[in-house]
Amino acid sequence: MTIIVALHDLVAGTWIGADSRATRAQSHIMPVVCRKWYRRGNVALAAAGDGKAQDLIEWAAPHGLLDPADALMVAAKLQAIVKADGWKGNAGERGVEDYGSSFILATLAGVWDIDGSFAVSRINDGEMWARGSGMSFALGAGHALCRDKRRREVYPEARIEAALNTAARFDAACGGPMFIEKLGSPAGG
């Protein structure tokens, strides 16, 4: 699986990060390094779940997926792309279909979670969010660093790094070189 994380801080900006392990068919670990975040200017989108979701983002982003960078519009476009690609959702107890992959949208204005049913939730400023098989480990590490009263406020980059490393340490499906980036900086820098 994977670990993707994002954090919007009113002072320090928006930070994104991910591991680089890729899977196919939910269990086959690929022997390649995968960059999980697709970035277009100061907008970034990443997928957790089957690697096919990331392929769809890379294909659709140059064709207007992230324009405008409105979370509800991005979610609607993602849902249309997934359905057009022939994905089948699994209906839960309430009949809401879940397509098995989730997404995080990050902009200079904030971070949004897009779940497997394409429901959108804005993440509170200062709160780190994660998706993927290492999500619980990453959120725990990021929360612990933020709430430790013995320390001064921990810089967002350090929280993201701790979250990624903790997920990789305790979730066998997470790993590979880690990627951390601040939006507003040149991509890859």
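Which polar atom lies 2.9 Å from the backbone nitrogen of valine 11? A side-chain polar atom of aspartate 9 does.

## Model and conventions

This is a predicted model, in which local features need pLDDT of at least 70, side-chain atom pairs count only at pLDDT 80 or more, and totals for chains, interfaces and linings use all residues. Residues are numbered from 1 along each chain as its sequence is written, and side-chain values use heavy atoms, with hydrogens and water left out.

## Overall build

The protein chain has four helices and 13 strands. These are DSSP runs, numbered from the N terminus: helices are H or I with at least four residues, strands E with at least two. Of the 189 residues in the protein chain, 48% are buried. Buried means under 20% relative accessible area, exposed over 50%, and partly exposed in between, using a 1.4 Å probe and protein chains only.

The accessible surface of the protein chain is about 9,200 Å². Carbon and sulfur atoms hold 54% of that surface. Areas come from the Shrake-Rupley method with a 1.4 Å probe; for residues, only the protein chains shown count as cover. Take the contacts between residues at least 6 apart in sequence: 58% of them join residues at least 24 apart. A contact means heavy atoms within 4.5 Å.

Aspartate 9 is in strand β1, residues 4–9. Leaving aside neighbours within four places in sequence, aspartate 9 is in contact with Gly126 and Pro156.

Glycine 13 lies in strand β2, residues 13–18. Its C-alpha is separated by 7.2 Å from that of leucine 183, 170 residues apart along the chain. Not counting residues up to four places away in sequence, glycine 13 touches Leu7, His8 and Lys182. Threonine 14 is also found in β2. Threonine 14 counts as buried, at 0% relative accessibility. The side chain of threonine 14 reaches the backbone oxygen of threonine 107 at 2.7 Å. Beyond four places in sequence, its contacts include Leu7, Ala106, Gly110, Glu181 and Leu183.

## The nonpolar core

The largest nonpolar core has 23 residues. Such a core is a set of buried Ala, Val, Leu, Ile, Met, Phe, Trp, Tyr and Cys residues joined through side-chain atoms within 4.5 Å. Leu45, Leu65, Leu78, Phe103 and Leu105 have the most contacts inside this core. At least two core residues come from each of β6 (43–48), α1 (51–60), α2 (71–84), β9 (102–107) and β10 (110–114). α2 gives the most, with six residues. In soluble globular proteins, nonpolar side chains tend to be buried together.

## Helix α2

The 14 residues of α2 should span 20 Å at 1.5 Å a residue, and the end C-alpha atoms are 20 Å apart, which agrees. The expected span is 1.5 Å times one less than the number of residues. The buried residues of α2 are Ala71, Val74, Ala75, Leu78, Ile81 and Val82. They sit on the same side of α2, because they cover an arc of only 130° around the axis. That arc is taken from the directions from the helix axis to the C-beta atoms.

Cover for these buried residues includes β6, α1, β9, β10 and β11 (120–123). The face turned away from the buried side carries the exposed residues Leu72 and Ala84. At the start of α2, a side-chain oxygen of aspartate 70 reaches to within 3.2 Å of the backbone nitrogen of leucine 72. After α2 comes glycine 86, whose phi is positive, near 90°.

## A buried arginine

Arginine 39 is in strand β5, residues 37–40. Arginine 39 is buried, with a relative accessible area of 16%. Its side chain makes a polar contact with the side chain of glutamate 181 at 2.6 Å. A polar contact is a pair of N or O atoms within 3.5 Å; within protein, one must be able to donate a hydrogen and the other to accept it, and residues adjacent in sequence count only if both atoms are side-chain atoms. The side chain of arginine 39 also reaches the backbone oxygen of glycine 41, at 2.8 Å.

## Backbone features in loops

The peptide bond from aspartate 67 to proline 68 is cis, with omega near -10°. Proline 68 lies in the loop between α1 and α2. Phenylalanine 118 is in the loop between β10 and β11. Its phi is positive, near 70°, in a residue other than glycine. Phenylalanine 118 is buried, at 7% relative accessible area.
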